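Q: I have a model open and want to learn how to read its features one at a time. Please take me through it.

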Amino acid sequence: MPRGEKSKYTDKQERKADHIAEGYEHKGVNSKEAERRAWATVNKDDGGGKKSGAGRGKSTGHPAAHKGGHKGGAASSSRSAASRSASAKKAAATRKRNAEHGHHAQA
């Protein structure tokens, strides 16, 4: 199969790639680059085109990469405001200390 051939992709994967490419084009990315990024995203989410044979199919919905928004706030929302504030103060102090010692100096 020549590189770039799309015959092994499902209709759903093609619709998904079209939708992603439209989003990139809406942001101002040229159409060729938008299509390249879209297919890269489909490959990342679904593991490439679907091969024939019994038991070879995989779900193409809800890839793990897109679940971040659901999981993100749960850990911090269960902590008290005082605990989050103390953690933020400790982080700020660490950043200040590292800056004084020249670690991670801005180029």
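The dialogue below goes from the overall fold to a helix, its core and its salt bridges.

Q: Where do I start, and how many helices and strands are there in the chain?
A: Start with where the coordinates come from: this is a predicted model. Then list the elements. The chain has 5 helices and 0 strands, and from the N terminus the order reads α-α-α-α-α.

Q: What share of the chain counts as buried?
A: Of its 107 residues, 18% count as buried. The exposed surface comes to about 8600 Å², with 51% of it supplied by carbon and sulfur atoms. For contacts, look at sequence separation: among those between residues at least 6 apart, 47% join residues at least 24 apart.

Q: Which residues of α1 are buried, and where do they sit around the axis?
A: An α-helix has 3.6 residues a turn, so residues three or four places apart point the same way. In α1 the buried residues are Q13, K16, A17, I20 and A21. They lie on the same side of α1, because their arc around the axis is only 130°. The face turned away from that buried side carries D11, R15, H19, E22 and H26, which are exposed.

Q: What covers the buried residues of α1?
A: The cover includes α2. A21 gives a local example: neighbours within four places in sequence aside, A21 is in contact with A34, E35 and A38.

Q: Which residues make up the largest nonpolar core?
A: This core has 9 residues in all: Y9, A17, I20, A21, V29, A34, A38, W39 and V42. The largest share, 4 residues, comes from α2.

Q: Now the charged side chains. How many salt bridges does a search of the whole structure find?
A: The search finds 4. K16 and D45 form one, with the closest N and O atoms 3.8 Å apart. K16 belongs to helix α1 (residues 11-26) and D45 to helix α2 (residues 31-46), so this pair ties together parts 29 residues apart in sequence. With the buried cut-off at under 20% relative accessible area, K16 at 17% is buried, and D45 at 15% also counts as buried.

Q: What other salt bridge does K16 form, and at what N to O distance?
A: K16 also meets D46, at 3.2 Å from N to O. This pair too links distant parts of the chain, D46 in α2 and K16 in α1, 30 residues apart. Both D46 and K16 are buried.

Q: Where do E33 and R36 lie, and how many residues apart are they?
A: Both lie in helix α2, 3 residues apart, or about one turn of the helix. E33 is partly exposed, its relative accessible area being 23%. As for shared partners, salt bridges join K16, D45 and D46 into one network.

Terms used: Residues are numbered from 1 along each chain as its sequence is written. This is a predicted model: local features need pLDDT of at least 70, side-chain atom pairs count only at pLDDT 80 or more; totals for chains, interfaces and linings use all residues. Side-chain values use heavy atoms; hydrogens and water are left out. Helices (H or I, at least four residues) and strands (E, at least two) are DSSP runs, numbered from the N terminus. Buried means under 20% relative accessible area, exposed over 50%, partly exposed in between (1.4 Å probe, protein chains only). A nonpolar core is a set of buried Ala, Val, Leu, Ile, Met, Phe, Trp, Tyr and Cys residues joined through side-chain atoms within 4.5 Å. Contact means heavy atoms within 4.5 Å. The arc is that of the directions from the helix axis to the C-beta atoms. Accessible areas come from the Shrake-Rupley method with a 1.4 Å probe; for residues, only the protein chains shown count as cover.
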